[in-house]
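Morning, everyone. Please have a look at the structure on the screen, and then we'll go through a few of its residues.

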Amino acid sequence: MILAVVFANSVGNILVERFNGVPAEERLHWRSFLVKLGADNLKGVKNEELLVACHKSVYIVYTILGDVSIYVVGKDEYDELALSEVIFVITSAVKDVCGKPPTERLFLDKYGRICLCLDEIVWKGYLENTEKDRIRRLIRLKPPAEF
């Protein structure tokens with residue numbers, strides 16, 4: 001299961017978060033842990049270079065895209081290899097929506113569309129859609145008959 005997808009800015013403020021199967025009392029721990037992990041390790045990392053960590057028998061794959069850090073946390077069948085596919089789809093969708101690796105301002109300007117993409121990619125803790133064209137079609141917010 002994909003436990004969390006978290007986007008943070010360069011100073012560690014959470015921009016978007018999606019938790020699945022994580023109790024509310026543990027979410028604060030995960031937020032602070034992921035932000036600290038990024039602060040310690042993402043300095044000087046190139047765009048979309050993947051980093052991997054393991055914590056309490058879960059896997060974490062994270063990267064930086066423009067001014068935004070992206071963290072994906074998974075367990076069981078979502079090991080580091082599966083999570084690398086998830087984060088690749090997420091970064092591709094964000095670049096597609098923003099037109100380039102986003103600054104924080106551009107990310108926040110496109111916040112609604114990014115959230116729609118994220119909801120189409122990860123659904124209830126599982127990878128749902130990976131095809132860029134299908135995701136683009138699903139977030140258009142038009143009835144299917146109008147395609």
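This is a predicted model: local features need pLDDT of at least 70, side-chain atom pairs count only at pLDDT 80 or more; totals for chains, interfaces and linings use all residues.

How far is the sulfur of Cys98 from the closest cysteine sulfur? The distance is 9.1 Å, and the partner is Cys117.

Cys98 itself is buried, with a relative accessibility of 10%. Now Cys115. Its nearest cysteine sulfur also belongs to Cys117, at 9.4 Å. Cys115 is in no disulfide either. Cys115 counts as buried too, at 9% relative accessibility. And the whole structure? A search through it turns up zero disulfides.

On to the helix that carries Cys115 and Cys117. That is α4, residues 111–121. Which residues of α4 are buried? Ile114, Cys115, Cys117, Leu118 and Ile121 are. Around the axis they span an arc of only 160°, so they sit on the same side of α4.

Last stop, Asn13. You'll find Asn13 in the loop between β1, residues 2–8, and β2, residues 14–19. Is Asn13 buried or partly exposed? Asn13 is partly exposed, because its relative accessibility is 45% and buried would mean under 20%. What does Asn13 touch, leaving aside neighbours within four places in sequence? Asn13 is in contact with Phe7 and Ala8. One more distance for Asn13. Val68 is 55 residues away along the chain. The C-alpha atoms of Asn13 and Val68 are separated by 9.9 Å.

That's my tour. Over to you for questions.

Conventions: Residues are numbered from 1 along each chain as its sequence is written. Side-chain values use heavy atoms; hydrogens and water are left out. Buried means under 20% relative accessible area, exposed over 50%, partly exposed in between (1.4 Å probe, protein chains only). Helices (H or I, at least four residues) and strands (E, at least two) are DSSP runs, numbered from the N terminus. The arc is that of the directions from the helix axis to the C-beta atoms. Contact means heavy atoms within 4.5 Å. A disulfide is a pair of cysteine sulfur atoms within 2.5 Å.
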